[in-house]
Every structure is written in structure tokens, then in C-alpha cells.
Amino acid sequence: MSIWQYANPKKFMDTTGPLLPWIGGASLLCIVTGLVWGFFFTPDDYRQGSTVKIIYLHVPSALMAINAWFMMLVASLIWLIRRHHVSALAAKAAAPVGATMTVIALLTGAIWGQPMWGTWWAWDPRLTSFLVLFLFYLGYMALWAAIENDDTAADLTSILCLVGSVFAVLSRYAVNFWNQGLHQGASLSLDKEENVADVFYYPLLVSIAGFVLLFIFLVFLGTHTEIRARRMRALLARERMV
């Protein structure tokens with residue numbers, strides 16, 4: 001059985017459609033559990049106080065903001081190489097979700113950073129690269145909206161996605177590239193000594209799982225919507241020809 005069979009729109013919708021309620025329910029359960037556990041059942045940090053609890057929103061949204069773009073990159077490459085329409089539509093559906101996650105990450109980062117840095121914004125490498133990434137999200141969505149031909153729009157947005165991936169990488173590794181930045185290091189790491197304390201770590205993992213499932217749910221739902229919209233346009237075009 002080949003994975004490319006799911007490039008067929010009908011196969012994709014028949015397979016993912018029944019999963020949507022389960023993924024949506026699991027995402028809601030994980031997000032509510034992670035946030036309630038984190039905000040109400042974990043102690044204040046000895047240095048940052050209760051402000052640290054915004055980690056349960058900031059870290060998952062920041063991770064998804066970056067990884068949503070990487071998902072769009074993979075889908076765009078599949079479109080450019082194999083011309084599968086579902087991959088292009090999945091990338092299109094992921095863009096508003098990734099943009100929203102980027103906004104949440106920027107806002108929660110400002111709220112978290114203000115007590116620590118004494119300012120709502122600083123031209124820190126990671127913050128700046130995140131802002132540029134958000135602008136790429138806006139440009140990507142605007143390009144889709146500006147071009148009437150779907151295949152041409154998919155081609156141009158895929159190229160834009162390739163260029164924007166540079167900033168997605170910078171957003172992820174800016175702290176490693178520029179040690180002088182204000183932004184702290186990663187909250188989650190393969191190096192156990194760099195991770196947050198276990199009391200914050202486990203609810204954070206639950207919250208991250210919820211955001212990942214929410215992203216999958218919204219991308220599947222958005223892709224279904226895009227497929228139906230394209231079918232509707234095709235039917236209307238045939239009626240006009242008749």
C-alpha cells in the first residue's frame with residue numbers, strides 16, 4: 001500500500017473524515033488538561049513567579065508556528081515534484097493556522113518577557129525572525145488570494161514557502177546562532193539538564209500534544225474545505241460552459 005494513494009482527494013477525505021471528531025476531541029482534552037494542570041496545579045517559579053505559567057501557551061504555539069511552516073514546506077515540495085493537488089491544498093490550509101500560532105507566540109512572549117526584560121518588545125534575533133516569519137505567512141496567504149489560477153498560485157506559493165523556510169530555521173535556532181540574544185534557551189531539549197523542572201515539564205508536554213492534535217485537526221478540516229470549494233468551482237465552470 002502506497003502513501004501516495006492519499007493524494008487522491010476522495011481517498012484523502014474518506015480516510016481523514018471519520019478521524020476528525022476523534023482528533024478534535026483528543027486535542028480539546030489535552031489542551032484543557034495541560035492548561036488547567038499547568039495554571040492551577042503547578043507552583044510559581046522561584047525567579048519568575050506566576051509569569052512562568054504562560055509557558056503552557058507560549059511554547060506549544062511557538063513550536064507549532066515553526067513546524068507548521070515546515071509542514072507547508074514538505075507539502076509544497078510534494079506539489080512541485082509530484083503535482084499532487086491535495087498536498088498544495090494542505091499547505092494552503094495550514095497557513096492561517098500557522099499564522100495564528102505565530103501571533104499567539106508573539107503576544108504571549110511579550111507578556112512573558114515584559115516582567116523579565118522590562119519591555120514588551122526587543123529586537124532579539126529570535127523575536128525578529130518570528131516577526132519576519134509572520135510576515136511570510138501573510139505574504140503566502142495573500143499570494144494564494146491574489147492569483148485566480150489554482151495551479152499557478154500553488155507554484156508561486158510553494159516557491160515562497162521555500163524562501164520563507166530560511167526564517168523558520170532561524171526562528172528555531174536563533175538562540176544557538178546568536179548567544180547574545182535576550183531570549184532564553186529551549187525549554188525542551190534532548191539534554192535533560194536544559195529542560196524545565198519536571199513539575200512544569202509534564203503538563204507542558206500534555207499542552208504541546210494538544211496543540212499538535214489541534215493543528216492536525218484544523219489542517220484536515222481546512223483541506224476538506226479547500227477540496228469541496230475546488231469541486232464547487234469546477235461544477236460552476238461546467239454549468240457556464242453548458
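These are my notebook entries on what I looked up in this structure.

**Entry 1: the overall picture**

I began by reminding myself that this is a predicted model. Then I went through the secondary structure of the protein chain and found seven helices and zero strands. Reading from the N terminus on, I wrote the elements down as α-α-α-α-α-α-α.

Next I looked up burial, and buried residues make up 42% of the 242 residues in the protein chain. I also noted the surface: the chain exposes about 13,000 Å², and carbon and sulfur atoms supply 68% of that area.

**Entry 2: aromatic pairs**

How many aromatic pairs does a search of the whole structure find? I noted six. One of them is formed by Trp69 and Tyr137, with 4.9 Å centre to centre and 80 degrees between the planes. An angle over 60 degrees counts as edge-to-face, and this pair is listed that way.

I then checked where the two partners sit. Trp69 belongs to helix α3, residues 55–82, while Tyr137 belongs to helix α5, residues 125–146. The two are 68 residues apart, so I put this down as a pair that links distant parts of the chain.

Are these two residues buried or exposed? Trp69 has 0% relative accessibility, so it counts as buried. Tyr137 is buried as well, with a relative accessible area of 0%.

My next pair was Tyr201 and Tyr202. Their ring centres are 5.4 Å apart and their planes stand at 80 degrees, so this pair is edge-to-face too. Tyr202 is partly exposed, and I wrote down 44% for its relative accessible area.

Which residues do ring pairs link into a cluster? I listed Trp69, Phe136, Tyr137 and Tyr140.

**Entry 3: a look at Thr16**

What does the side chain of Thr16 reach? I found the backbone oxygen of Phe12, at 2.7 Å.

Finally, I left aside the neighbours of Thr16 within four places in sequence and asked which residues it is in contact with. My note names Phe220 and His224.

Technical notes: Residues are numbered from 1 along each chain as its sequence is written. This is a predicted model: local features need pLDDT of at least 70, side-chain atom pairs count only at pLDDT 80 or more; totals for chains, interfaces and linings use all residues. Side-chain values use heavy atoms; hydrogens and water are left out. Rings of Phe, Tyr and Trp (its six-membered ring) pair if their centres lie within 6.5 Å; planes under 30 degrees apart count as stacked, over 60 as edge-to-face and the rest as tilted. Helices (H or I, at least four residues) and strands (E, at least two) are DSSP runs, numbered from the N terminus. Buried means under 20% relative accessible area, exposed over 50%, partly exposed in between (1.4 Å probe, protein chains only). A polar contact is a pair of N or O atoms within 3.5 Å; within protein, one must be able to donate a hydrogen and the other to accept it, and residues adjacent in sequence count only if both atoms are side-chain atoms. Contact means heavy atoms within 4.5 Å. Accessible areas come from the Shrake-Rupley method with a 1.4 Å probe; for residues, only the protein chains shown count as cover.
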